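Work through the exercises below with the sequence and the model side by side. Try each task yourself before you read its solution.

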Amino acid sequence: MRPEQSLKITRNLTAHPSLLPLLLTFSLIGQLFAQQPTFINYTLKDGLGGPFVYYVFQDADGYIWFATESGVYRFNGHHFHRFSKKDGLPDDDIFTIHQDSKGRIWFLGFSGSPSYYHNGKIYNPENEPNLNKVRSKTFLSGFLEDSHQNVWLATDKSGLFQLSPNGEVRHYPVLHDWKSKRVNYLWQQDTATIGVISNAAISKIRFNRRSMQHDTIFPQHLANARSTFIDDSRILIVALNHAIVYHTGTGHLKALNWESIVNEEVLFVNSTGDGYLWMGTRKGAYQIRIDNLDNPDPFLVLPGKAVTYVLKDREGNTWLSTIGDGVWFTSSTQTLTYNIQSGFPDDNVTRIERDANGAFWLGFEGGRYGILKNGEFAHHQLNYVKGRGRVNDILARDNGSVWMAVDGLFVRIDQEVTYFRNHSKALALDQADNIYVASNNGLIYIPEEEYNSRLIYRGDTIPDFSPYWVNQGIYTSRVNCLTMDHGGKLWVGTHAGLFLYQDSLIPFQHKHPALAVSIKQIGISSDGSLWVGTSGAGMVVMNDESIEWINRQKGLSGNYCNAVFIDSIGQAWVATNKGINKIILEKGKLSTIQVFDSRSGHASDYVNDLYVDGQQVWAATYKGLSIFRDEASSQAPPPIYITSFIADDSPYQTAESITLNYHQNDIKIDFVALSYQSGQNISYRYKLAGIDSAWRTTKMTSVSYPAMQPGAYEFIVTASNTEGRWNDNPSIVRFQIDPPFWQAWWFRILLLLIAGAVVYAVFKVNILTYNRDVVKELIQLIIQKLKKEKYLIVKEVVNGSFVKIPINSILRIAAAKDYIEIHTSQQHYLVRLSMKAAENQLLSQKQFLRIHRSHIVNTRKIDMIQGNALIVQGQLLPIGRIYTHKLKALRNNGGIILE
């Protein structure tokens, strides 16, 4: 279905039974507005600085740039980053953006001073001397990089400037016979010739060192001409009341009869490389097929808005910049949306069903429904509707009849409309045409002979089928959906979970927790599997052998599943509150999920119902009916970039390996994948080599690593698109946290040398003879200092938290019934632990000794031994009789040694 197709409408305010045959044969037809693609509008509220946007550009890395009246904005799909005069722009009023082969992004603005962005910095005439040689009286109007890497800048009144790769600047002033000085477009004709389109003519300029030769090809007034290549050799030139195709090889000129569409100021023309070109005016943008230039049938987009440029990005998305209305984005200009502006009675399309004749039946609020077939739409109104009158279900039968479940009643439509009283949420008919009705009051079963005989009323009295309630009030009062499987079994989705009806309701909530919540829709695949859509718990796929639970954690766009459709090849389509999901299973297990949402061109993320026929998909949404094709996607996985590396609030460049000191161990890393179509549905996986042994998955765009230990690390991150295709070229940053100097190898060697020198000096003065134990203790202290600090990790009784106590800070440990008290110089800890367990944990630490059944001491903290007691920092502790043999008093000082 082409975007330029329009819709014809048949309106009728009341579909009374006696009027229906007339409505099917006679209609009042009126032409409606052409359907528009669904756009996302980025404005000030989204972070774009202002509504005046002149140009859209995508750089080699995939970022989208906007030239505005308030500077330049770079967009990564999540956030806008502004560059202004404070960042180095000569002027905040920027008109166009270009990139050369060196990666420099050039900004051409109103001031006439060029600037470019490269490696995170903006260069301008103040910090780049060669740029100061480009002196234009007014704004820069054109850009070209030739095959020799010369950059050419066209001006409004000052001719051409050439910047060579080595930075040399040459100026070629305008020629005397140019009637206007403005140059609007440049192209390279050959290695020594530049093509120029000015306000006065199409020209070729041949350059020989500092001289040039000028040939005028088409001397005609081309005020404000806009030009673009439409293929390798043809340029389209559009000005007011002029449209010309110029062949650069042959010089042939061909005038186009475009007076009907070129009747006002043209703001731009641009070929998007997909067989279309765009022409922007102050009343919208025209999309025109390149192969139909002689007889254009333009499709008008954004009517009434001044469109300044159109970009087709590498994902196939379309961006339109405007004067006064910001930027507009759509992933597909081929997706149609029908809504109230197109002639629908309401934007909220509640249900969709296709009948045996290929017509689509659409449900709305207020008891309204419509029939869409071959581009014509007939609108009808049901009688006797109460409350919201929402059409909750539509069931088309092979015999041509259509049943509808509506708030307050249900109806059958064939040659006439038959009304039945009872609030209905869904309907099901078995092979014998017995009908089942889901209502707020339970499940109703009505035999065919009952509703086809005495209970049919065609007047104002509507039959009441309340006596036919099934198991009223036993399990639940509200039934949401009904589905008849291939074997004739009726599956019932209620507010309290899933049931099977076989003469009575059989509960199935015990099969899985997700089956015990409110069930919204049930689908049956060709293999008999049950696809159960829930209200808040995602999807459950169930058969006799297995159950597969699919929710947001597994890639489903939303956990509120409003509808399920199984297509002809067994793929399940699920309409959720956050888009449409195409789900493929392999051997009963989830294989892939592809998400279609408003970023894919649909009217709304909230989808009520859907219908799929081959590659054509109809989505009934809260904001209209969207029709699109499910075509095989060639979308590559999004490029992934690490955007910032921050250590203790200090940013670092990620291009090279980063070295940090041991204090800079609080790390935060930001990253982004550039997929504007995927939006927030991008999945990331990352790992930090040195800490993570496996990949971690997230949808966040930053990770933090607090209090990291010294060492060498490598952070790796990659991303996938909505089809689950992962980028094989991850982004990597390497960094190293240096240890403190006392843990460095050179410091340890230095300490060993000092210790050796001390020991040698002691020996030299014969201290060893009298103080062998002092030297030994000194050596032990030095060795202990060289060792890595060790900790005792225990759980406090008072607050239940774990604490890490340095081993060397422990003075003593005392028994306290079922607990022990660990004393340090600063505080003590009460821990549920036995003395025996504490002794075993400290056994490897030779400075600890048990001196009593109630005391363990750090021998390095002993101040004095007095008989059968010792003192640790002023605390007198008894020495048990059975432990005295482990202590030997030293004659010369108050210390101890171990036997």
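Predicted model: local features only at pLDDT ≥ 70, side-chain atom pairs only at ≥ 80, totals over all residues.

Residues are numbered from 1 along each chain as its sequence is written, and side-chain values use heavy atoms, with hydrogens and water left out.

**Exercise 1.** Find the mean pLDDT of the protein chain and the share of its residues that reach 70 or more.

Solution. Start with the term: pLDDT is the predictor's confidence in each residue, on a scale from 0 to 100. The protein chain has a mean pLDDT of 83, and 85% of its residues reach 70 or more. Next, look at residues 8–33, where the pLDDT is below 50, and where the model has 57 contacts (heavy atoms within 4.5 Å) beyond near neighbours in sequence. Residues 454–462 also have a pLDDT below 50, and this stretch has 19 contacts beyond near neighbours in sequence.

**Exercise 2.** Describe the protein chain by its helices and strands, and by its buried residues.

Solution. Helices (H or I, at least four residues) and strands (E, at least two) are DSSP runs, numbered from the N terminus. By this rule the protein chain has six helices and 79 strands. Of its 899 residues, 51% are buried, where buried means under 20% relative accessible area with a 1.4 Å probe, counting protein chains only. Finally, among contacts with a separation of 6 or more, 47% are between residues 24 or more positions apart.

**Exercise 3.** Trace the open sheet that contains E36 and give its edge strands.

Solution. Two strands pair if DSSP finds at least two bridges between them. In general, strands of a sheet pair through backbone hydrogen bonds, either parallel or antiparallel. Here four strands follow the order E36-E37-E38-E39 with antiparallel pairing. Strand E36 (391–396) and strand E39 (417–421) are the edges, since each is listed as pairing on one side only. Strand E38 (residues 409–413) is joined to E39 by five bridges, and Phe410 has Phe420 in E39 as its bridge partner.

**Exercise 4.** Repeat the tracing for the open sheet that contains E4.

Solution. The order is E4-E5-E6-E7, again an open sheet with antiparallel pairing. Its edge strands are E4 (53–58) and E7 (80–83). Inside the sheet, five bridges join strand E5 (residues 64–68) to strand E6 (residues 71–75), and the partner of Phe66 in E6 is Tyr73.

Methods
Buried < 20%, exposed > 50% of the residue type's maximum accessible area, 1.4 Å probe, protein only.
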